[in-house]
Amino acid sequence: MGDNVHATTFLDEVASLPACDKINECIQCGVCSGSCTTATHWEYTPRKVISLVRAGMKDELLKSNSIWFCVSCYLCTARCPRDIKPANIMHGLESIALKEGYKPPTKTTTMYRTFTDSIINNGRVYEFGFMFQYYLKTNPFAAIKMIPMALSLLTHKRMPLLAKKVKGTAELKTIINKLSAGGGR
Ligand code: SF4
Ligand code: SF4
């Protein structure tokens, strides 16, 4: 005798993420892959990523380098004939992968985290501090090559040396902490 207990599938998990609910309406036309600015680097193109989610091949997908090369250009999302929003799906998959301990093959998450830390601390991006922290965490030697550009930006007052904080950063931190409690950053 069967029971009515509904096991949550990988597809259910992804479809429950913000703006990912139409994933099962994908017609596999490949417009997203053909439009994607970085797909040549992906082990599985955006169309295949969606196909793997639907096939329940979670581990195979999250172990691959796909999703991490998404640069949020949103061409896939603008052109998808079924309004699937593949970019949201890629970022949702990143969130699942991080929560489940998969190691990203790129520095993207370090950049995102450094970027959001800068906003949390200052209420806006503090470019100099953001870049300094990012290179410190990833490749301090690469920062040396950036020194002439940084000096030029500072000299021409295109980048402030010190952070200009907005008012209410404590309240902003409280809001972000509450939002983060509901999901991964
Ligand atoms: S463009 Fe949209 S419908 Fe076509 S394969 Fe990509 S997600 Fe699916
Ligand atoms: S948003 Fe991401 S998945 Fe979509 S086209 Fe751009 S890089 Fe590719």
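Predicted model: local features only at pLDDT ≥ 70, side-chain atom pairs only at ≥ 80, totals over all residues.
Residues are numbered from 1 along each chain as its sequence is written, and chains are lettered from A and ligands numbered from 1 in the order in which they are written.

**Entry: the chain**

I counted 10 helices and 0 strands in the chain. Its C-alpha atoms fill a box of roughly 70 × 40 × 30 Å, taken along the principal axes. Of the 185 residues, 22% are buried, a residue being buried if 20 or more other C-beta atoms lie within 10 Å of its own, exposed if 12 or fewer, and partly exposed in between, with C-beta atoms placed from the backbone.

**Entry: N88**

Is N88 buried or exposed? I list N88 as buried, because 21 other C-beta atoms lie within 10 Å. Leaving aside neighbours within four places in sequence, I found N88 in contact with P18, A19 and C20, a contact meaning that the two C-beta atoms, placed from the backbone, lie within 7 Å. I also checked T77, which is 11 residues from N88 in sequence and 8.4 Å from N88 in space, C-alpha to C-alpha.

**Entry: the core**

I then turned to the largest nonpolar core, which has 24 residues, with I23, I89 and L93 making the most contacts inside it; such a core is a set of buried Ala, Val, Leu, Ile, Met, Phe, Trp, Tyr and Cys residues joined through C-beta atoms within 7 Å. Helices α3 (46–54), α4 (58–63) and α6 (86–99) each supply at least two residues of this core, and the largest share, 5 residues, comes from α6. Not counting residues up to four places away in sequence, L93 touches V14, L62 and I67.

**Entry: ligand 1**

Which residues come nearest to ligand 1? Of the 14 residues around this ligand, I noted C26, C29, V31, C32 and C80 as the nearest, where a residue counts as near if its C-beta atom, placed from the backbone, lies within 6 Å of the molecule. The elements that give two or more residues to this shell are α2 (31–35) and α3.

Technical notes: Helix = DSSP H or I, 4+ residues; strand = E, 2+ residues; numbered from the N terminus.
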